[in-house]
Amino acid sequence: LNLYVTQTVEVQSPETQKTLAEMQTKNAALQEQLAVQRQLLRELETQLHESQRTCAQLRTQILVYEGEMERAQGQLEAEMQNLEEEKNRVIEEAFIRAESEMKAVHENLAGVRMNLLTLQPALRTLTCDYNCLKRQVQDFPFMLDKAIAEAKQEICQVISEVSSANQELLRKYKREMNLRKKCHNELVRLKGNIRVFCRVRPVSQEEQDSAEAKNMLSFDSEDDAVLYLSNKGKIMTFELDKVFPPQATQEEVFQEVQALVTSCIDGFNVCIFAYGQTGSGKTYTMEGVAEDPGINQRALRLLFSEVTEKAPDWDYKITVSMVEIYNETLRNLLGDNPSEKLDIKMNPDGSGQLYVPGLTEFTVQSPEDINRVFDLGHMNRATACTNLNEHSSRSHALLIITVAGFNSATGHRTQGKLNLVDLAGSERIAKSGAEGSRLREAQCINKSLSALGDVINALRSKHSHVPFRNSRLTYLLQDSLSGDSKTLMMVQVSPLASNMSESVCSLKFAQRVRTIELGSSSSYRRHENSSTSSSPTHDSVEVTQFTHTHTHTHTLIIPVEKAQMHRF
Ligand SMILES: Nc1ncnc2c1ncn2[C@@H]1O[C@H](COP(=O)(O)OP(=O)(O)OP(=O)(O)O)[C@@H](O)[C@H]1O
């Protein structure tokens, strides 16, 4: 390629010129190729130099490595030598140790062999025991079945013995219960079906200094059933079941009443009436005051404590209703609408019992519940009238407590009702000089108190017809006045001189009721010093009329004046 010849040639012919041009083009192309080749050659030469330098470096490196390898070889050999020595030493030590261990194992083996020789008899015994146990285990299900069968038989026998003992106890319990009821009834019968108490209220602070306060009533220190009354210069003696003097406390009064209250737990129906003229203390005896409650509150508290004592054998539910009878209209004092009039109807369940549709009943479980119920009743009573004091004097207020019991052991059920009645004032119409609406009120009161007397009369006389329907009061209390019910009349008496004629009427009524019940020939006797001729007339016809009555009803009656209770 370096042999290019540059020659200037004279060219004449076009062909030659063409050839020349082509040659020149070729020459240029070759020149270009030559330049490229030269460049390539330079690069190759550079690469060659580079490779040679790298080769020299690598050789140097190899020499370094070879040196290092020789050194490592030396170290390796030394290390191997060391390891060889170490190996020999360790092998030697292991051998020595193995030898001593082997020796110990030999010794142990000898011991174990020795033990084995001694354990063999024990093993034989254990094997024997095991076989024995195995046989027992095989026999166990049969023995167990047998034992279970025997135990079952014994248990069945014991159960049947216990059950028959229980039956016997139950029979005895029922017999005792019946006996108790019979004794109770007998006691009540002996004491009288109608019990009549009298309570004289104290002279108030305001009355203290007036002429009214002079001592018209006196008591017998030896006989708490006698009351002396001085009227128009004569002294009359009244004999009742019990007379409470003015100083008698609410607690003392309640103590005499509590047996009657608790009998409703045994399923008896009980009525307690407070009877007397306005201001004689009826409401005080029945309701009392906040700091010294009367029969209503004490009765509920006693019922709570009694039923609590009987738990868990007996389960009791105590419900309370409050109604008012005003002008022969029945009102629900615990309902949402106290002005709504209630009706008394025959229960559609065919039991022949009466019921009051729409009457509210509250279940009470604590003294707090009682307070809430009483508050509601009072509030409703107050909202339905303009003057509560006057209104309460002219209406009957009834607290009806139902006690339903269930004995889960015997399946026995009981239901008793306790009716606590604060009657309207018993004063005579003539004295009050009433007209218009007052006259109507007085007539209604007169009618219902007379009806109460008529009902008691008919029941005592065993009349075929008892006029329960003659008043709302007797109709409502029908269930609790008839049958083996018990009734108590609490006759309230005012100590004031101006009230003496009303007091006489009340006490005469009480006396007559008591005479009927006891069948005695004379219900009140004159004081020895009194004039026989001028004392109030004792109606011997009425007394005779009630002498032969017999009933299981127990009643405590507060006296009703003669004019109102003329049939007595
Ligand atoms: N045993 C008593 N101890 C103290 N105060 C009594 C007693 N009895 C009645 N009182 C008082 O005498 C007043 C009249 O009593 P209470 O209101 O109970 O008579 P009432 O017969 O219910 O009259 P009403 O027919 O008007 O309702 C009351 O202030 C009452 O607190």
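This is a predicted model: local features need pLDDT of at least 70, side-chain atom pairs count only at pLDDT 80 or more; totals for chains, interfaces and linings use all residues.
**Exercise 1: Meet the neighbours**

Work out which residues come nearest to the ligand, and what kinds of residues make up the shell around it.

*Solution.* Start with the shell itself: 13 residues sit around the ligand. Now pick out those that come nearest, and you get Gly 279, Lys 282, Thr 283, Tyr 284 and Ser 393. Next, sort the shell by type: 2 residues are nonpolar, 8 are polar and 3 are charged.

**Exercise 2: Oxygen atoms and cover**

Find the distances from oxygen atoms of the ligand to N or O atoms of Gly 279, Thr 283 and Ser 393. Then say how much of the ligand the protein covers.

*Solution.* Take Gly 279 to begin with: here a backbone N or O atom is 2.9 Å from a ligand oxygen. For Thr 283, look at the side chain, where an N or O atom lies 2.6 Å from an oxygen of the ligand. The side chain of Ser 393 also has an N or O atom to check, and its distance to a ligand oxygen is 2.4 Å. On to the cover: on its own, the ligand has 620 Å² of accessible area, and the protein covers 70% of that. Two helices, H3 (282-286) and H6 (388-393), each give two or more residues to the shell. H3 gives the most, with 3 residues.

**Exercise 3: Placing Ser 498**

Is Ser 498 buried, partly exposed or exposed?

*Solution.* First, locate Ser 498: it's in the loop between strand S17 (486-493) and helix H11 (500-518). Its relative accessible area is 39%. Finally, the C-alpha atoms of Ser 498 and Met 216 are 9.9 Å apart, although 282 residues separate the two along the chain.

Key. Residues are numbered from 1 along each chain as its sequence is written. Side-chain values use heavy atoms; hydrogens and water are left out. A residue is near a molecule or strand if one of its heavy atoms lies within 4 Å of it. A polar contact is a pair of N or O atoms within 3.5 Å; within protein, one must be able to donate a hydrogen and the other to accept it, and residues adjacent in sequence count only if both atoms are side-chain atoms. Accessible areas come from the Shrake-Rupley method with a 1.4 Å probe; for residues, only the protein chains shown count as cover. Helices (H or I, at least four residues) and strands (E, at least two) are DSSP runs, numbered from the N terminus. Ala, Val, Leu, Ile, Met, Phe, Trp, Tyr, Cys and Pro count as nonpolar, Asp, Glu, Lys and Arg as charged, and the others, Gly among them, as polar. Buried means under 20% relative accessible area, exposed over 50%, partly exposed in between (1.4 Å probe, protein chains only).
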